[in-house]
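Here are a few notes to read alongside the model. Have it open while you go through them.

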Amino acid sequence: MTKRKSYDELRSARWMAPDDLRSFGHRSRTMQMGYSHEDWEGRPIIAVINTWSEAQPCHMHFKDRAEWVKRGILQAGGMPMELPALSLSENYVKPTTMLYRNMLAMEVEELLRSHPIDGAVLMGGCDKTTPGLTMGAVSMGIPFIYLPAGPMLRGNYAGKVLGSGTDGFKYWDERRAGTISKEEWQGVEGGIARSYGHCMTMGTASTMTAIAEGFGLCLPGASSIPAADANHQRMSASCGRRIVDMVWEDLTPDKIITETATRNAVTVAMATGCSTNAIIHLIAMARRAGIPLELDDLDRIGRTTPVIANIRPSGKEYLMEDFFYAGGLRGLMKQLGDKLDLSAMTVTGKTLGEGLEGAQVYNDDVIRPLSNPVYHEGSLAVLKGNLAPDGAVIKPAACDKKFHTHSGPAIVANSYAEMRAIIDEPDYPMTPDHVLVLRNAGPQGGPGMPEWGMIPMPKALLKDGHRDMVRLSDARMSGTSFGACVLHVSPEAFTGGPLALIETGDIIELDIPNRALNVRLSNEELDRRRARWTAPTPKYERGYGYMFTKHIEQADKGCDFDFLKTEFGGPTPEPEI
Ligand code: FES
Ligand code: MG
């Protein structure tokens with residue numbers, strides 16, 4: 001039997017219990033909202049951190065779901081307190097949500113610290129919200145449960161199933177090639193996102209919620225439930241009930257995010273055919289918990305973990321709704337067998353293994369057995385070489401196999417605008433062997449690493465029927481993207497990484513089986529060019545963008561702010577009341 005906390009030991013009791021003037025103020029203002037002493041006395045106060053907003057289509061149902069969470073909290077004897085946080089819609093927020101992931105993390109940490117909160121249910125799902133919310137709560141260190149928004153329903157147009165992102169990109173290539181009409185294009189527009197919930201491909205959102213569950217931060221099965229399924233209401237209430245007990249049990253995140261849990265989360269990520277973005281977030285999340293996860297660890301686990309979720313874009317057929325019906329993440333984790341360490345503790349207060357009891361796979365084409373994977377090793381490969389001394393990533397499963405070993409001349413653009421001019425020029429001299437190189441789009445250069453890495457196929461090649469080529473950048477790409485795109489080249493060009501030194505015509509050598517990425521230039525030549533190189537001007541001279549550019553770390557370190565790292569400075573004190 002775990003020792004249970006007493007009321008006096010709760011953080012919120014520091015605000016609410018003492019017989020002094022400050023606490024009188026807290027109590028009288030709580031009563032101003034209509035509450036009575038019975039509402040808080042002897043009860044933990046639970047934050048419901050809600051990323052609902054009218055600028056967040058993926059979280060439209062959270063306005064309602066927060067009520068289900070609160071219902072659970074009340075049933076279990078807690079007092080709910082809903083606190084809104086940055087909603088970070090992947091599709092509206094410009095130049096990129098990645099500019100604001102750390103802002104959300106800071107907001108969550110400080111919301112939890114500055115208020116009388118004992119535990120939290122974090123409501124997120126759209127790409128950056130999962131890492132943002134969890135990073136902040138991990139740094140704060142109080143018990144929390146992550147409640148994923150759930151994927152939206154499958155897209156549908158004219159009898160065809162449509163996948164978020166992936167099919168938009170595909171139809172856009174056809175539109176540019178002139179093979180579909182305006183009416184068809186508009187039909188796709190109206191059919192590709194037809195319910196609330198996050199993107200239903202295995203993009204960044206689905207990957208990140210699966211990772212959260214793999215870490216043990218969700219109730220079992222939570223990440224796979226479609227947003228529009230009544231199971232989601234029930235799951236919301238369950239989170240509310242469970243968090244109250246977690247507070248009494250003092251089940252803090254440091255007891256859950258261990259090295260074991262981190263390995264499990266990485267394994268789950270690889271088996272889902274995960275988004276390249278996940279690499280950055282996984283590293284950042286683990287490091288917030290004091291686990292020094294490195295790119296090489298990810299590559300090592302990737303090499304022995306096959307992709308078994310047959311979900312687009314790595315898989316051919318299916319979407320997240322199919323994944324849920326096939327058994328969901330619990331089914332997938334069951335299938336992974338001893339590749340996971342089932343002894344890991346989770347938010348349930350039980351082990352990961354106990355949470356998988358009774359899990360089954362109902363369709364082994366959607367969730368494949370290890371003996372019949374979608375791809376024989378993990379979906380991501382980490383490349384190194386004289387072009388990326390600190391690493392770069394590629395998704396081999398999502399690109400044409402003929403590019404796995406490739407060398408070809410570079411066509412270099414210093415900005416996205418320059419690249420756009422190149423790809424829109426129908427007569428630009430190039431062959432499918434050329435390598436498109438985009439730079440100054442990294443963590444500092446973007447800033448915020450916009451998702452420009454899946455450079456659209458150039459018109460000059462589309463017209464001859466080509467649909468893939470090697471593209472290289474210090475940017476990211478959407479988790480729903482595909483193609484031979486080498487991303488996250490570190491160090492980035494903006495800081496003078498080797499990517500800054502290459503010129504149009506240099507030969508780029510890509511060798512995925514040997515994890516190598518090089519430019520065919522001697523060290524002497526690279527040094528000569530480095531001596532001539534001048535740093536570009538930063539885009540922001542004031543405000544958040546300025547602070548971001550000064551403090552953001554490179555992609556291989558997880559793109560956290562240096563001052564938010566666990567090991568930075570001393571421990572943050574509890575606020576004086
Ligand atoms: Fe929100 Fe894709 S836009 S998850
Ligand atoms: Mg995305």
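1. UniProt, in an unreviewed entry, puts "domain: Dihydroxy-acid/6-phosphogluconate dehydratase N-terminal" at residues 43-354. UniProt positions use the numbering here, feature names are shortened, and annotations may be inferred rather than shown by experiment. The span is 47% helix and 9% strand, and its end C-alpha atoms sit 29 Å apart. Helices (H or I, at least four residues) and strands (E, at least two) are DSSP runs, numbered from the N terminus.

2. Bear in mind that this is a predicted model: local features need pLDDT of at least 70, side-chain atom pairs count only at pLDDT 80 or more, and totals for chains, interfaces and linings use all residues. Residues are numbered from 1 along each chain as its sequence is written, while chains are lettered from A and ligands numbered from 1 in the order in which they are written.

3. Look at helix 11 (residues 259-272) and helix 12 (residues 277-288): their axes are 11 Å apart, at an angle of about 170°. Axes here are lines fitted to C-alpha atoms over the stretch in contact, with angles from 0 to 180 degrees between N-to-C directions. The pair is therefore roughly antiparallel, a label for angles over 145 degrees.

4. Thr262, Ala265, Val266 and Ala269 of helix 11 meet Ala278, Leu282 and Ala286 of helix 12, contact meaning C-beta atoms, placed from the backbone, within 7 Å.

5. Strand 9 (residues 405-413) runs antiparallel to strand 13 (residues 507-511), with five bridges; His406 faces Leu510 there. Strand 9 also pairs with strand 10 (residues 435-438), in the parallel sense over four bridges, and Ile411 has Leu436 as its bridge partner. Pairing takes at least two DSSP bridges.

How values were computed. Angles under 35 degrees count as roughly parallel, over 145 as roughly antiparallel, 65 to 115 as roughly perpendicular and the rest as oblique. Two residues are in contact if their C-beta atoms, placed from the backbone, lie within 7 Å.
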